[in-house]
Amino acid sequence: MSSSSSQMEVEKPVATDIEQSNLLPHATYTETRSYPVQEIYADSEFITLGGSTYRRNQLIAALGIDQENQGPHHHPPLTTKLANPVPLGLASFSICCLVLSLVNANVRGVTNNQFVISMYMLFGGAIELFAGLLCFVIGDTFSMTVFSSFGGFWLSYGLDFVPSMAAITEYDKDPRMLNNIIGFYLAAWCVFTFLMLMCTLKSAWGLFFLLFFLDFTFLMLCIGNFIDNNNCKMAGGYFGILASVCGFYMLYCCVSMKDNSYVPLRALMMPNAPA
């Protein structure tokens, strides 16, 4: 037997009675041939097929494969357009910040915010935390950190006023200690807000002023609790109102466009902000 015939085995499968009964009278059938499996070896520079070795780049070029796209026919990857969760986080924060700041500023004589505790926890806490987690999906680390953190702030703040938690009633015998512990709490948020403020120096002016006024809000409320001065707390409330206004401005800039508004706005960017 010749060498060529030794490298190829011919198999002629025998049809069963059932298969023969289903054969079409005019159909043409081909023989089934099986070939020995050739091993393929490859490294960064060479590819070995059977007994022959080729340079990788030359073999890929000969096969007409686009090395950049890794395929003979490149199709753009299918991408799903995701909604921007930043406006949701801005809406959640701005609304709750406005209401709380109006109470802190004693507007129209309101000093008790028990009615809006549920809003702080659900809309300010849960929704803002949800928006922060969605920012993780789109790869926005800054927004994820800010929204998730302030979502935790609203949840913790709301829980402090839930009667069953007894977080405030524990200090009934020592109101001075209560003011100090609230001052510690607000001081920590003042530091956090300042750090986030330093990360907005090449972003939009609205975002910068939002965190700028918010930092002063925490600072004045912190001082007001330490020295038990209602005027400082009211000043913190007015700074919070300014922060919420900046939040509403950024919210509108994010969602308004020519397709849905006759008055679309674009956020005014700071110098050296990335395009």
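Okay, let's start in a loop: arginine 108 sits between H4 and H5. Helices here are DSSP runs of H or I with at least four residues, strands are runs of E with at least two, and both are numbered from the N terminus. Phi of arginine 108 is near 55 degrees, a positive value in a residue other than glycine. Arginine 108 counts as exposed because its relative accessibility is 82%; the cut-offs are over 50% for exposed, under 20% for buried, and partly exposed in between, with a 1.4 Å probe and protein chains only.

Before I go on, a word on the model. It's predicted, so local features need pLDDT of at least 70 and side-chain atom pairs count only at pLDDT 80 or more, while totals for chains, interfaces and linings use all residues. Residues are numbered from 1 along each chain as its sequence is written, and side-chain values use heavy atoms, with hydrogens and water left out.

Now the overall picture. How many helices and strands does the protein have? Nine helices and five strands. Going along the sequence, you read α-β-α-β-β-β-β-α-α-α-α-α-α-α. Of the 275 residues in the protein, 30% are buried.

Next, the annotation. The UniProt record, an unreviewed entry, gives "transmembrane region" for residues 86-107, 119-139, 151-169, 181-198, 204-223 and 235-252. Those positions are in the numbering used here, the feature names are shortened, and annotations may be inferred rather than shown by experiment. I looked at two of the spans. Residues 86-107 are 86% helix and 0% strand, and their end C-alpha atoms lie 29 Å apart. For residues 151-169 we get 53% helix and 0% strand, with 24 Å between the end C-alpha atoms.

The largest pocket has a volume of about 780 Å³.

The points are joined across faces, edges and corners, and the volume is the space filled by probe spheres set on them.

Let me pick out some residues. Tyrosine 157 is in helix H6. Is tyrosine 157 buried or exposed? Buried, because its relative accessibility is 15%. From tyrosine 157 to tyrosine 185, 28 residues apart along the chain, the C-alpha atoms are separated by 9.9 Å.

Glycine 183 belongs to helix H7, and at 0% relative accessibility it counts as buried. Glycine 183 and leucine 221 are 38 residues apart in sequence, but C-alpha to C-alpha they are 7.5 Å apart.

In helix H8 we have phenylalanine 208, buried with a relative accessible area of 14%. The C-alpha atoms of phenylalanine 208 and methionine 198 are separated by 8.6 Å, with the two being 10 residues apart along the chain.

Then tyrosine 238, in helix H9. Tyrosine 238 is partly exposed, since its relative accessible area is 45%. Its C-alpha atom is 6.1 Å from that of alanine 105, 133 residues away along the chain.

Last stop, the surface. Trp205, Phe209, Tyr249, Tyr252, Val255, Tyr262, Val263, Leu265 and Leu268 form a nonpolar patch with about 890 Å² of accessible area together. H8 (205-226) and H9 (230-255) are the elements that give it two or more residues, and H9 gives the most, with three. A patch takes residues with over 30% relative accessible area and no salt bridge, joining nonpolar side chains (Val, Leu, Ile, Met, Phe, Trp, Tyr) within 5 Å and like charges within 9 Å. A salt bridge means a side-chain nitrogen of Lys or Arg within 4 Å of a carboxyl oxygen of Asp or Glu, and areas come from Shrake-Rupley with a 1.4 Å probe, where for residues only the protein chains shown count as cover. Leucine 268, in the segment after H9, is exposed, with a relative accessible area of 56%.

Terms used
On a 1 Å grid over the protein atoms alone, a cavity is a set of points where a 1.4 Å probe fits but cannot get out, and a pocket is an open set with protein on both sides within 12 Å along at least five of seven lines; lining residues have an atom within 4 Å of a point.
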